[in-house]
Amino acid sequence: MIAIRGLTKSVPIPNASIRERRFILRDVSFSVPSGCLYGLIGPGAAGKSVVLKMIAGLMKPDAGNVVVDGDDVTELSELKLQSVRLKLGMLFQNNALFDYLTVGDNIAFPLRRLYHLPEDEVQSRVLERLACVSLQGFEDRMPSGLSGGQKKRVGVARATVTKAPIVLYDEPAAGLDPVTSQKIFELLREEQRASGATVIMVSSDLDRLLTVTDRVGMMYRGELIFDGSTEEARASDEPRVRQFVHGLTEGPL
Amino acid sequence: MSEELTPTQEAPSSFFWGNVSALGATAIELVVGARELYSVFVRTLYYVVRGRREKGVLLRQMYEIGNKSVFFLTVTMGALGMILVYQAGLQAARVVPDYQMLGATYLQLLIRDLAASLGSLMLATRVGAGIAAEIGSMVVTEQVDALRMCAADPIDFLIVPRFLASMIMTTVLVIWAGFVAFLAGAATAYFAFDVMPQTFFNARMVTSADFATGFAKCIAYGAAIPIVSGYCGLSTFGGSEGVGWATTRAVVNTSLAIIILNFFISSASFVIFAG
């Protein structure tokens, strides 16, 4: 269970007085029940990725808290956060593959750092993950030699290799063609059903995202303007939600 | 009678407060930066003792910092050695037209200060910029966040191997740089002032205090380069422009750190070895 209460974050405005700040999150609150696939949607620069990073403890809010399975990650030191991060897997927007490691070593990295597994088990898990994302035989390649879609799939394999009970996906299908994109969403949904993990997924690909989510939250200019089931999101009368979900050009956005 | 303010009359006031505000913001930034730099240094020392070493990383960093700097350092220190001895010879000719002590004073100066300070300033430009650019790129591509998600503290994983490698290789490179600068100086003294090598190779003025001071500088500069440039890399924000600024900041701040450390170590040395 993830509970977010009153998250607020502001940053200084360049070349402005020290008191002038721009809000990137303003009083954001929502909860994600265990085993739920939650979609976080909204236009660019709405603060969706910032929320994910705060759940992972990678950014500290100015106010508010994030409780992950009973631990308030906003209060924990970097050392104590490491135990919370054992429960988390994360796919980053830019994939964040380590460019000096091979594909296999990238996927094995969390296993080697977080768990003391025998090397043959690490290798078998890496091969199993690569098979899941249809990249068999890619373990010795370097990330620089992969296409955008392949990098994304390696990122998905790394995010899920520890079989963490909570997985955060930041734009899992950004920049992919529709077929690969659909495959990725189906794969993530299957993984979530099989593991029963709690998943929060940020994506702009609403057509596909809304086919797999249980609940949806929509952010706009740092505020959460909608939180409800996927059906409620589709039927919402809120003008901004309606415009965004249905992809209308006319409206307040 | 009250006079109505025109925009030109208002300008000095807003100009004044604008500058005060900018000055205040800069001062706060400096204090926050110094505190963060200190935090990076303390955490680096902590992880040197308690951290987890990946196989071969230290050797790879020693190769990157040490071996790849040999040519650059040889050329620059050789050239600087020639210039220093030539200029010193010209000055000496005006005051005491005697070159007997040229080699002895030059050797003492090299061991006590110049080899470490000039060599490290040269290293700061190559190694400091490289460290900041590499870590800065990892920050903007979220690789540092990915490390943190895998319980790999960036200080432990990225800075500590560079810290250890830099301390070892800076010392080795400074010894080499001093050797090159001395040889280049000896050649210049021979060709420009007819000073024979056996006269120039004179270690009479060199004491153990000079070696201790030079060694302390090697260790201090070797530690400062990766700490300062690593901190600049970790505090990168924005995209490729941010990496560019981080690299520039790393070169400027590392050079500044070397000069400040030089001041303190030299002062301490004069006090400790005064007798």
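Two strands count as paired if DSSP finds at least two bridges between them, and strands themselves are DSSP runs (E, at least two residues), just as helices are runs of H or I of at least four residues, both numbered from the N terminus. With that settled, β9(A) and β10(A) form a hairpin with two residues between them. In the turn sits R221(A), with a positive phi of about 50°.

The model is a predicted one, in which local features need pLDDT of at least 70 and side-chain atom pairs count only at pLDDT 80 or more, while totals for chains, interfaces and linings use all residues. Residues are numbered from 1 along each chain as its sequence is written, and chains are lettered from A and ligands numbered from 1 in the order in which they are written.

Strand β9 of chain A covers residues 215-220, and its antiparallel pairing with β10(A), residues 223-229, runs over six bridges. Across this pairing, G217(A) stands opposite D227(A). β9(A) also pairs with β3(A), residues 37-41, this time in the parallel sense and over four bridges; here M218(A) is the bridge partner of I41(A). In general, strands of a sheet pair through backbone hydrogen bonds, either parallel or antiparallel.

How enclosed is β9(A)? A residue is taken as buried if 20 or more other C-beta atoms lie within 10 Å of its own, as exposed if 12 or fewer do, and as partly exposed in between, with C-beta atoms placed from the backbone. Six of the six residues of β9(A) are buried, so the strand is largely enclosed by the rest of the structure. Both faces are covered, with R215(A), G217(A) and M219(A) buried on one side and V216(A), M218(A) and Y220(A) on the other.

Chain A also has an open sheet of four strands in the order β2-β1-β4-β5, with antiparallel pairing. Its edge strands, β2(A) (21-32) and β5(A) (71-72), each pair on one side only. At the β5(A) end, two bridges join it to β4(A), residues 63-68, and V67(A) stands opposite D72(A).

Turning to helices, axes are lines fitted to C-alpha atoms over the stretch in contact, and angles run from 0 to 180 degrees between N-to-C directions. Angles under 35 degrees count as roughly parallel, over 145 as roughly antiparallel, 65 to 115 as roughly perpendicular and the rest as oblique. In chain A, α5(A) (148-160) and α6(A) (178-195) pack at about 5° with their axes 11 Å apart, and are therefore roughly parallel to each other. Contacts (C-beta atoms, placed from the backbone, within 7 Å) involve G149(A), K152(A), V156(A) and T160(A) of α5(A) and T180(A), I184(A), L187(A) and E191(A) of α6(A).

In chain B, the axes of α3(B) (70-95) and α6(B) (154-193) come within 7 Å and cross at roughly 40°, which makes α3(B) oblique to α6(B). Residues in this contact include M77(B), G81(B) and V85(B) of α3(B) and W176(B), V180(B) and A184(B) of α6(B). By class, 17 are nonpolar, six polar and none charged, where Ala, Val, Leu, Ile, Met, Phe, Trp, Tyr, Cys and Pro count as nonpolar, Asp, Glu, Lys and Arg as charged, and the others, Gly among them, as polar.

Where the chains meet, 15 residues come from chain B and 18 from chain A. On the chain B side, α5(B) gives the largest share, five residues.

Definitions and conventions
Contact = placed C-beta atoms within 7 Å.
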